[in-house]
Amino acid sequence: MGEMSIARAREEFTPRVAYLDTATYGLPPRTAHEAMLAAERDRAAGLMASRAMDEAVARSRAAFGALAGIAPERVAIGPQVSYFVGLVAASLPAGATVLVADGDFTSLLFPFLARPEIAVRPVPLEEMAGAVGPEVSLVAVSAVQSADGRIAPMDDLIAAARAHGARVLLDATQAAGWLPLPAGRVDLLVCGGYKWLLGPRGTCFLAGTDEALAELPAVAAGWYAGERPWESVYGLPLRLAAGARRLDLSPAWQCWAGHAPALELLARVGVEAVHAHDVAMARRFRAGLGLPPGDSAIVSVAVREGTAERLRAGGVAASVRAGRLRCAFHLYTTERDVDRAVELLAGSLVGGFEGTG
C-alpha cells in the first residue's frame, strides 16, 4: 500500500472537465505544473540554474526506477520513444527478424522498418507468443495497445522468447504508471513519460539488463552521455558514462523539472493502488454501457460520428483512435466523471455494444 491515498493524490489535480484522455496525454499534479512554470520563469529572469535541472533529471530517473522496480543506473533518459527504439534497431545485424504486434504504435515499428535489411513480421497480438521461433531475434511489443487498450500476454511472450533465445523490447508508454509490469524480466523497456506518468512531452526512459544495454550503440552520444557531463563538454577523448547513462540525450530542462514531482507522486501512491482504481473506473464505465468487465484502464467502443465532439461539449474529454472512441481512466478520474460520460453516451454506441480493452 502506498503512503498517499488516491483521494489525497486527486487533490493535486485541477481538471476543468471529466478527463478521460490520459492515453493521449496525462494531467500534471499541481506541484509538477508549478515546478515547470517556475523553471521557465527563472529562465526568463536569467536565474535558471542548470545544476538544479540536473537534479530534476536524477530525481526523475530514480523515481521511474522505483516505479518500475529497476535500479536507476540501468535507466537512460531521452526525449521520445523512437530515439531509443532506433538504438535497438541499430544494434541488430542484417537479416535479423523482429516480431511485432499487428497495428502497434508506429514509434515502436518505424525504426525497424527504416532498416530494410531487417525483417519485421507482424502478427495479431494474441498470437505473438505462438509465433516466436528460432529465427526471431527480437520481440517488440507495447504492453498495452494504444488504439484499444488490449494488454499484451507478457508472461507468455517472455517465456517464448527465452525458449528461443530472443530478446524482448517492451514499450510501456500506455502502461507504466497504472499497470504492474515485468520490468525485471524483459531485456529492454522503453516508456514515454507524458501519458500515464503525468509528465510533459519531452521525457522518455529506456531501461534494461546490463547485457542488453551494453549491446546498444551510443550513436547519438553528446556531452550529457559523459561520465561527468560538465567535465566532458569539450575535446577528446571519448569518455562515456558507465551503464545506461552513456545512452542519455541532453535533457530539455524544463520538461524534467516538471516531471520529477509527478513521478514522485505516483511512487508515493504506488502502482498497485493506481491499477486498482483505474481498472475499477474502467469497469464502472463498461458496466454503465452494458459491456462485459475488462482488465484495462483503456476502453475502446464503436460510436456514431461526432460523439467525441458531443462529449467535449458536455464536459467530457476523450479521443478517437482507429475509428473508435477511446476512453482512458487514471487516478484523477472520479465516479462522477465516469457516470457523466455514460450519460452522454446513451444512444451513441453502435455495433451491438461491442468494446475492447
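A: From β7, Leu188, Val190 and Gly192 point one way while Leu189 and Cys191 point the other way, and all are buried, where buried means under 20% relative accessible area, exposed means over 50% and partly exposed lies in between, with a 1.4 Å probe and protein chains only. In a regular strand the side chains alternate between the two faces of the sheet. Strand β7 covers residues 188–192, and because five of its five residues are buried, β7 is largely enclosed by the rest of the structure. Strands here are DSSP runs of E with at least two residues, helices are runs of H or I with at least four, and both are numbered from the N terminus.

This is a predicted model, in which local features need pLDDT of at least 70 and side-chain atom pairs count only at pLDDT 80 or more, whereas totals for chains, interfaces and linings use all residues. Residues are numbered from 1 along each chain as its sequence is written, and side-chain values use heavy atoms, with hydrogens and water left out.

Strand β7 has pairing partners in β6 and in β8, and two strands count as paired if DSSP finds at least two bridges between them. With β6 (residues 167–171) the pairing is parallel and runs over three bridges, and Leu169 stands opposite Leu188 of β7. With β8 (residues 204–208) the pairing is antiparallel and is made by five bridges; here Leu206 is the bridge partner of Val190.

The loop between β7 and β8 contains Leu198, a residue that has a positive phi of about 65° although it is not a glycine. Most residues other than glycine have a negative phi, and most peptide bonds are trans. Leu198 counts as buried because its relative accessible area is 0%. Ala322, in the loop between β11 (319–321) and β12, also is a residue other than glycine with a positive phi, near 55°, but Ala322 counts as exposed because its relative accessibility is 68%.

Leu169, met above as the residue opposite Leu188, is also among the residues that Val139 touches, together with Leu99, Met128, Val132, Leu157, Ala161, Arg167 and Val168, when residues up to four places away in sequence are not counted; contact means heavy atoms within 4.5 Å. Val139 is in turn one of the five residues, with Met128, Leu197, Val269 and Leu331, that touch the most other members of the 67-residue largest nonpolar core. The largest share of this core, six residues, comes from α9. A second, separate core has 29 residues, including Val81, Leu92, Phe112 and Ala244. A nonpolar core is a set of buried Ala, Val, Leu, Ile, Met, Phe, Trp, Tyr and Cys residues joined through side-chain atoms within 4.5 Å. In soluble globular proteins, nonpolar side chains tend to be buried together.

Elsewhere, strand β9 (residues 298–301) is likewise covered on both faces, with Ile298 and Ser300 on one side and Val299 and Val301 on the other, all buried. Four bridges join β9 to β12 (residues 324–328) in the antiparallel sense, and Val301 stands opposite Leu325 of β12.
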